[in-house]
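Q: I have a multi-chain model open and want to learn how to read it. Please take me through folds, interfaces and a single residue.

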Amino acid sequence: MAIALPFLIALALVIFVLSNIVFFMWAEFKISGRVADRFGPMETGRWHGWAQPLADILKFLNKEDIIPANADKLIFRVAPFVGFIPVVMVLAAIPYTNKIFVRDFDIAVFFVIALSSFTFVSMVMGGWASGNKYSLLGAFRAAGMLLSYELPLGLAIAGVVMLSATLSLIGIVQQQTVWNIVLQPIGFLVFMVAMQAELQRSPFDLAVAESELVAGYSVEYSGMRYAMFQLGEFFGLWALASMAVLLFLGGWHGPYLPGIVWFFIKFYGIFLFLAFSRVSVPRVRPDQLMDLGWKILLPSALVNIVITATLIVLVPHYQVPLAVSEFVILIAALYLMRRVLK
Amino acid sequence: MVPLQYYIIMSAILFTIGIYGVLARRNAILVLLSVEIMFNAVNINFMAFSAYITPATMVGQIYTIFAVASGAAEIGIGLAIILLIYRGRETVNVDEVNMLKW
Amino acid sequence: MSGQLLAFWALSFVILSGALYIVMTKNIMHAVFMHLLTMSMIAAVYGLLHADFMAAMQVLIYAGAVTAMVVFALMLTKSQSRPDGAGIAVDNQQRGASFLTAAGFLAVVIYVLVPQKWAVHEAAPVVKSDVAAMGAIIFKSYILPFEVISVILLAALIGVIVLARKED
């Protein structure tokens, strides 16, 4: 019985996350529907089409698993697992409150970043192995995005790590008497943009870009393997949105309500932001993507690190000067950018 | 508990495989991958010695950090040189690149 | 046989056979993906040595950066014509000589290393390496090498840009 307990906990966690993911799918259908002045799904399950994601999953389970004649069979079969298993492993590192967590890694931040880079590897594997020019182009774009967005994401987190002097996610949340978004507004913005690129969500879904590349790396996939790519994307969303909450929004801290409720309020706030930005911003071109990554996000993250490090070392009570200087620089940069873009 | 010897022998075999790859491969990218294998064999050695002989000061781990950083620099430069050679001579085979000047 | 020893044998088997596959295969793309697998397993070996930070760093660098860079270089060059390995040969004519050299090297190394008695620390290898302590050591005792590495990385960055840029 004592041996079975960890497995039961893991199973409960995965079921909990999966049920939330089903809700994510439904909410995204509804939000993108409303933004496009439609209702979204209305029929399945009677009440506002709540059962639509379940029906989709059933459909994927029933579909034939097609492997193209041109494909590199082994890599084609393995690719969805390479993307899926690491993002599920990430769940082990994410705490929900200081009591509810699977394991308190002392390198949790690093662990999450390292494992989430496997998503791109699976895209490159799948895209190359399909033996299709569209999927190869998608794989190409995925590799380029990996190189340009992994760096700003890591550097945006580095500022937070410097402030809290620990890599443990529980430790980082416990350090935040003031939410890190106040002290690190530049880091937060960089993180939010780089996160969407890391998740391959529109406006950064260049690797799937259905209007240009049919479906990018996943053109040739069908049935459960395709569903695994999609599910992996949602698990990644879960991981990175939790990271945003824990690193920048004070995790489970908040007045009156219990910690777990605060965590999920913030979590769904981030989710809503992602859902709206998906439907309201047009997809960027590849050259714009590289420009944004290398010329705007990377320098901003570096400026953030330099300011944070300088103030921590030079000023004894650095919170107020740090917040003020970051805000001033952020607003000045946005103003300048607006002038330049005009 | 795994004896230290096992790690050392494992990394020696890995290094040997890397040597074979560097000598027998013709494609420059595969040569680079073999060099990476040798790098990692050395790193395993560093890490094993660090864990078994100096666990408190972690000298080996810190050397590994530096080795990994220079390894990343090496593979970046190496690939850039390969691209440059390819642009000039339309080949990435190291045995065809036998003239200093083109 | 303890669990650690079992894990070590399994990991060694995967690492060594993966490395052999990398140096033997005719399919370059397979070699790249197998390289990633081998490097991840080496990260697991670091985990076995209680160095979690280095394990995560290994995965980050090889899964995150090196594989993507190598894939890019492969796609930008004409390395082989077809995925089944037919086309341009990837091996040269010196396989036999290379094998002999490598085997000789291995024989010498094993002859020298196996009889050695190492001064194994009594607390080893169960000491959990602590990230904070490691940071303190790097920034106190090893600050000069650290700065030199940063200069090397900067030089590499600039060098790569200069090399790979198209002259117009």
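Q: In what order do the elements of chain B run from the N terminus on?
A: Elements come from DSSP: helices are H or I runs of at least four residues, strands are E runs of at least two, and numbering starts at the N terminus. Chain B reads α-α-α from its N terminus. That makes three helices and zero strands. The model is predicted, so to speak with care: local features need pLDDT of at least 70, side-chain atom pairs count only at pLDDT 80 or more, totals for chains, interfaces and linings use all residues, and side-chain values use heavy atoms, with hydrogens and water left out. Residues are numbered from 1 along each chain as its sequence is written, and chains are lettered from A and ligands numbered from 1 in the order in which they are written.

Q: What radius of gyration does chain B have, against a compact globule of 102 residues?
A: Take the radius over C-alpha atoms; the globule rule is 2.2 Å times the number of residues to the power 0.38. The rule puts a compact globule of 102 residues near 13 Å, whereas chain B has 17 Å. The C-alpha trace of chain B spans about 55 × 25 × 20 Å along its principal axes.

Q: What share of chain B counts as buried?
A: Buried means under 20% relative accessible area, exposed over 50%, and partly exposed in between, with a 1.4 Å probe and protein chains only. In chain B, 60% of the 102 residues are buried.

Q: How many residues do chain C and chain B bring to their contact?
A: Contact means heavy atoms within 4.5 Å. Chain C brings 85 residues and chain B brings 67.

Q: What area do chain C and chain B bury between them?
A: The size of an interface is often given as the accessible area lost when the parts come together. Here that loss uses a 1.4 Å probe and is summed over both parts. Chain C and chain B bury about 6,900 Å², with 77% of it on carbon and sulfur atoms. On the chain C side, C:Val23, C:Leu49 and C:Leu163 lose the most area to chain B, together 9% of what that side buries.

Q: How many residue pairs are in polar contact between chain C and chain B?
A: A polar contact pairs N or O atoms within 3.5 Å; within protein, one must be able to donate a hydrogen and the other to accept it, and residues adjacent in sequence count only if both atoms are side-chain atoms. Chain C and chain B have seven such residue pairs, both residues at pLDDT 80 or more. α1(C) gives the most to this side of chain C, with 13 residues.

Q: What does the interface of chain C and chain A bury?
A: About 2,100 Å², 85% of it on carbon and sulfur atoms. The contact joins 25 residues of chain C to 21 residues of chain A. α2 (28–48) and α3 (52–76) of chain C each give two or more residues to the side that touches chain A. α3(C) gives the most, with 15 residues.

Q: Is A:Gln176 buried or exposed?
A: A:Gln176 is buried, at a relative accessible area of 4%. A:Gln176 sits in the loop between α7 (169–175) and α8 (180–183) of chain A. The side chain of A:Gln176 reaches the backbone oxygen of A:Leu247 at 3.3 Å. Beyond neighbours within four places in sequence, A:Gln176 contacts residues including A:Phe248 and A:His253.

Notes. Buried area is the accessible area (1.4 Å probe) that two parts lose on being put together, summed over both.
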